[in-house]
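Visitor: I'd like to learn how to read a structure like this one, feature by feature. Could you walk me through it?

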Amino acid sequence: MCGIVGYVGPREATEVLIEGLRRLEYRGYDSAGVAVLNGDGMRTRKAVGRLSALEDELKRDALHGGLGIGHTRWATHGVPSVANCHPHTSFDGKVSLIHNGIIENHRELRRELMDQGIEFRSETDTEVVAHLVAKTYDGDLVRTFQKVIRRLRGAYALAVCHTDEPDKIIATRVGSPLVIGIGDGENFIASDVPAILKYTRKVVFLNEHQLAVVTRDGVKIFDAALNPVEFTICETNLSLDAAEKEGYEHFMLKEIHEQPRALAETIRGRVNGDNVDLTELNLDAAVLKGVRRIAILACGTSLYSGMVGKYLFERFTHLPTETWSASEFRYADPVIDDGMLVIAVSQSGETADTLEALRIVKEGGARTIAVCNVMGSSIPRMCDATLYTRAGPEIGVASTKAYTTQLAGFVLLSVGIGRLLGVTDAEDERRLVTGLKQLPDQVQALLDEDIVAVKRCAKRYKNVFNFMYIGRHFNYPTAMEGALKLKEISYIHAEGYAGGEMKHGPLALVEGTFPTIAIAPQGRTREKLISNVQEIKARKGVVVMVSTQGDEEARELADYLIEIPPCEEELSPILAVVPLQLLAYYTALQLGRDVDKPRNLAKSVTVE
Ligand code: F6R
């Protein structure tokens with residue numbers, strides 16, 4: 001993620017940049033910075049935290065000038081800090097550069113530049129590009145930039161300016177978005193249209209590998225060989241609000257649809273051939289061999305991913321694993337010692353209950369690993385190692401992409417640690433790595449289908465007062481998560497239950513109109529769950545089934561059938577939860593609820 005913006009024209013650049021960054025904060029908000037060029041050279045201001053921190057900085061020490069670039073960061077390489085914040089300046093102070101994406105070959109470029117005596121000030125992948133531009137500069141920034149980007153591998157939207165050519169910003173993109181705004185005597189660049197909508201509706205969407213030269217008087221676009229390119233200026237009719245959501249009605253729906261990309265990002269670089277590769281975590285096999293049991297601590301949706309984590313860890317590491325609601329753990333009397341490995345799971349990394357539980361286990365001498373989505377947040381800072389999910393900022397209060405990426409993270413961690421312990425079977429590792437690689441496309445296929453049964457169900461059952469969700473083993477947590485999604489955004493009461501427990505009490509609820517969502521993909525417990533469904537049908541209950549494509553028995557039994565693609569049973573919670581997220585979403589929509597900001601809830605729960 002990350003958002004970039006640039007301006008050249010008669011206004012104070014910082015005003016335009018701050019307005020643009022505010023509109024891009026949904027792309028990342030752990031730190032922000034701007035650089036402005038004027039007759040005196042280039043000056044930069046940066047601040048960690050929300051954009052308001054940068055605004056305060058600019059109030060204390062203003063920047064004046066009509067050309068500038070700005071960046072709001074969502075950390076991928078290096079924690080949120082002033083040093084890691086963009087814009088990055090070259091060693092000679094002449095180049096300023098912003099970046100959204102990942103430079104995959106940054107390590108080798110950094111080594112090459114360090115060998116030439118260049119000192120790095122940040123841990124980012126971006127800083128290499130600023131130094132490379134300064135090193136390569138030959139009096140022609142366009143030609144220089146073309147040479148530099150030829151050396152980069154990865155995904156990037158980049159914008160650069162140079163004190164020797166103070167009239168222009170040069171920008172390019174590969175795999176990351178970039179739009180150019182055409183004004184009257186002023187021009188703009190941005191990661192996304194809303195950043196510039198206040199000033200212009202005329203936009204040019206830069207194509208991959210194209211290079212744009214943006215000055216006050218005009219915009220020129222070149223192909224990768226620097227041949228001039230004709231371009232079309234479009235008039236956007238987006239409203240500011242809709243544009244931030246990329247056309248989706250709500251952030252939640254956008255985030256549900258971002259899951260293929262979020263999963264691909266979370267897996268990227270962590271599988272290698274048939275193996276899981278957790279090198280980045282620096283796990284010490286000797287230390288892990290001293291682990292006698294595992295405890296997973298989390299709250300809410302993260303707790304349900306932790307419940308799946310328990311099954312995975314027991315299967316692949318053979319270590320006894322328990323999952324704790326962090327708010328309960330704090331007031332229980334858990335036995336903690338240095339043979340305990342604690343995994344703290346949190347999207348935000350700031351949940352007070354999880355933080356406090358973590359403090360207790362650290363005092364007791366336990367080893368700690370975080371599974372977290374926000375780099376540099378409090379939970380990862382407290383842990384010995386972190387597996388970052390790379391879902392990007394999650395804005396909707398109801399967690400979706402953070403959950404599925406946590407599940408993928410648990411598969412990676414359990415198999416990876418199992419192998420370090422010499423326990424995971426090579427065939428299991430191969431089949432899960434193969435399955436993980438297929439997941440983004442499978443989730444995409446599910447989303448592309450538009451799942452008609454989900455919308456029909458939402459319409460038909462929006463007025464019932466109670467829902468039951470059942471699943472077994474890996475999909476018992478899916479039932480809990482499906483029920484949580486429904487209650488938090490539609491305000492309909494829903495319960496998640498283990499299918500086998502129905503006959504021990506809840507079956508009494510079932511009668512003519514009572515709906516049960518049964519999650520029964522292929523796997524060890526499918527048949528048992530089918531029996532539970534039969535018990536419900538025998539009592540005239542209504543059943544919505546989530547099952548694997550081609551399951552004829554499920555088709556016959558179900559009042560509504562939702563099919564997911566065939567997959568390894570350990571990965572089925574990732575696919576099965578997607579239609580449940582959509583069911584909650586469309587039900588809430590039918591009921592006119594405030595989907596992104598449900599009543600009484602907050603995104604990050606920093607109080608006990
Ligand atoms: C539900 C939801 C919450 C969070 C919980 C923990 O959709 O988002 O239940 O999962 O508040 O938050 P994190 O994961 O940030 O620790």
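Guide: Gladly! Let's begin with angles: axes are lines fitted to C-alpha atoms, for helices over the stretch in contact, and angles run from 0 to 180 degrees between N-to-C directions. Keep in mind that this is a predicted model.

Visitor: Which strands does α4 lie across, and at what angle does α4 run to β6?

Guide: Helix α4 lies across β5, β6 and β7, and runs at about 135° to β6.

Visitor: In what order do the strands of that open sheet come?

Guide: Two strands pair if DSSP finds at least two bridges between them. Here 6 strands make an open sheet, ordered β5-β6-β7-β8-β12-β13, with antiparallel pairing. At the edges are β5 (88–89) and β13 (219–222), each of which pairs on one side only.

Visitor: How many bridges join β5 to β6?

Guide: There are 2 bridges between these antiparallel strands. For a residue to look up, take H88, whose bridge partner in β6 is L97.

Visitor: Let's turn to a helix. Which residues of α3 are buried?

Guide: Buried means under 20% relative accessible area, and exposed means over 50%. In α3 (residues 106–115), H106, L109, R110 and L113 are buried. These residues cover an arc of only 100° around the axis, so they sit on the same side of α3. On the other side, R107, R111 and D115 are exposed.

Visitor: What covers the buried residues of α3?

Guide: The cover includes β6 (95–103) and α4 (127–136). After α3 comes G117, which has a positive phi, near 95°.

Visitor: How do I read a single residue in a strand? Is T172 buried or exposed?

Guide: Start with its location: T172 belongs to strand β8 (residues 168–174). T172 is buried because its relative accessible area is 1%. Next, list its contacts beyond four places away in sequence: among them are F145, I149, Y156, L178 and L206. Finally, check the polar atoms: a polar atom of the T172 side chain lies 2.7 Å from the backbone oxygen of Q210. Q210 is also one of the residues that T172 touches.

Visitor: And a residue in a loop? Where is S399 found?

Guide: S399 is in the loop between β21 (385–388) and α14 (401–420). Its relative accessibility is 10%, so S399 counts as buried.

Visitor: Which side chain does the side chain of S399 make a polar contact with?

Guide: That of E394, at 3.0 Å.

Methods: Residues numbered from 1 in each chain as written. Predicted model: local features only at pLDDT ≥ 70, side-chain atom pairs only at ≥ 80, totals over all residues. Heavy atoms only, no water. Buried < 20%, exposed > 50% of the residue type's maximum accessible area, 1.4 Å probe, protein only. Helix = DSSP H or I, 4+ residues; strand = E, 2+ residues; numbered from the N terminus. Arc of directions from axis to C-beta. Contact = heavy atoms within 4.5 Å. Polar contact = N/O pair within 3.5 Å; in protein donor to acceptor, adjacent residues only side chain to side chain.
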